[in-house]
Amino acid sequence: MANPIVSRAELAIGGTPMTVKGVIQKTSLLLGLSALTGVGFFFYALMAGLSQGFITMAAFGSMFAAFGLAMFITFKPHKAKTFAVPYALLEGIFLGGISLFFMRMYPSVPVTAMCATFVTAAVMLGLYRSGLVKVTAKFRSIVTSALIAIMLVYVAQWILSLAFGSSLPFLFEGGMISIGFSLFVILIASFTLLMDFDNIDRGVAAGVSEDYEWLFSIGILATLVWMYIEFMRLLSYLQD
């Protein structure tokens, strides 16, 4: 999830400026917490024999709670330090539940999706650091427009699923169109990571407070979770 660029006047609070190393450390912490929570919920659900209905409810309840928390943090960035850990834990429950759902249908999909996510992230970081890809104003505008369009599609899908138990035609039902849409979403998620990296460099250059390292770490975590889910969806389509 690309973080909005907040003005230096708002962010420059405190004496110690943020660093790339600090963002890496905090991102690693949040990723670790999400992974541990996800694995814990995954095995607890298996060992306790929880019903798929309960697991789905817990997973999607956590997802909506995490999304609401992310929206709150977006508009109140100075609260990122306070809510970063709860956000990571909520994402972990969601990851554990959704991974179990896919594993029961396609056992190899979660591990493959996880590997694909981290390989893609590494490639994007390499492209960004090498300067082969520049995050320009036009790039941001195009990616942001695509993000809004994808979000509207997701919202429409959730409404149809909850209200009528159906899906948007072609996009979430398997087949070549669904595969193409998933590939497009993964591409946009990859570009969003580039925006996350650029936001971090801008924050460091502006000398903003180290407290806001949490804000950028949350953004990277959100993007990686999104990419992982979409990779699982794509792989499930390919399995079918």
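Q: Is Phe60 buried, exposed or partly exposed, and what is its relative accessible area?
A: This is a predicted model. Phe60 has a relative accessible area of 30%, so Phe60 is partly exposed.

Q: Which aromatic pair does Phe60 form, and how do I read that pair?
A: A pair of aromatic rings is described by the distance of the centres and the angle of the planes. Phe60 pairs with Phe94. The distance is 6.1 Å centre to centre. The planes are 70° apart, and the pair is edge-to-face.

Q: Where do Phe60 and Phe94 lie?
A: Phe60 belongs to helix 3, residues 52–75. Phe94 belongs to helix 4, residues 80–105. The pair therefore ties together parts that are 34 residues apart in sequence.

Q: Is Phe94 buried or exposed?
A: The cut-off for buried is under 20% relative accessible area. Phe94 has 5% relative accessibility, so Phe94 counts as buried.

Q: How do helix 3 and helix 4 pack?
A: Two packed helices are described by the angle between their axes and the distance between the axes. For helix 3 and helix 4 the angle is about 150°, and the axes are 8 Å apart. Angles over 145 degrees count as roughly antiparallel. Helix 3 and helix 4 are therefore roughly antiparallel to each other.

Q: Is the crossing of helix 3 and helix 4 left-handed or right-handed?
A: The crossing of these two helices is left-handed. The residues of their contact are 21 nonpolar, three polar and two charged.

Q: How do the axes of helix 7 and helix 8 cross?
A: Use the angle and the distance again. Helix 7 spans residues 176–206, and helix 8 spans residues 213–239. Their axes cross at roughly 165° and come within 9 Å. That angle makes helix 7 roughly antiparallel to helix 8. Helix 7 passes helix 8 in a left-handed crossing. Their contact has 17 nonpolar, eight polar and three charged residues.

Q: How many aromatic pairs does the structure hold?
A: The structure holds six aromatic pairs. Phe42 and Phe43 form one of them, with ring centres 5.2 Å apart. Their planes stand at 75°, so the pair is edge-to-face.

Q: Which accessibility values do Phe42 and Phe43 have?
A: Phe42 counts as buried, at 13% relative accessibility. Phe43 counts as partly exposed, at 46%.

Q: What sits over the ring of Trp214?
A: The charged end of Lys26 sits there, 5.3 Å from the centre of the Trp214 ring.

Technical notes:
Residues are numbered from 1 along each chain as its sequence is written. This is a predicted model: local features need pLDDT of at least 70, side-chain atom pairs count only at pLDDT 80 or more; totals for chains, interfaces and linings use all residues. Side-chain values use heavy atoms; hydrogens and water are left out. Rings of Phe, Tyr and Trp (its six-membered ring) pair if their centres lie within 6.5 Å; planes under 30 degrees apart count as stacked, over 60 as edge-to-face and the rest as tilted. Buried means under 20% relative accessible area, exposed over 50%, partly exposed in between (1.4 Å probe, protein chains only). Helices (H or I, at least four residues) and strands (E, at least two) are DSSP runs, numbered from the N terminus. A charge sits over a ring if NZ of Lys or CZ of Arg is within 6 Å of the ring centre and within 35 degrees of the ring normal. Axes are lines fitted to C-alpha atoms, for helices over the stretch in contact, and angles run from 0 to 180 degrees between N-to-C directions. Angles under 35 degrees count as roughly parallel, over 145 as roughly antiparallel, 65 to 115 as roughly perpendicular and the rest as oblique. A crossing is left-handed if the near helix is turned anticlockwise from the far one by less than a right angle, and right-handed if clockwise. Ala, Val, Leu, Ile, Met, Phe, Trp, Tyr, Cys and Pro count as nonpolar, Asp, Glu, Lys and Arg as charged, and the others, Gly among them, as polar.
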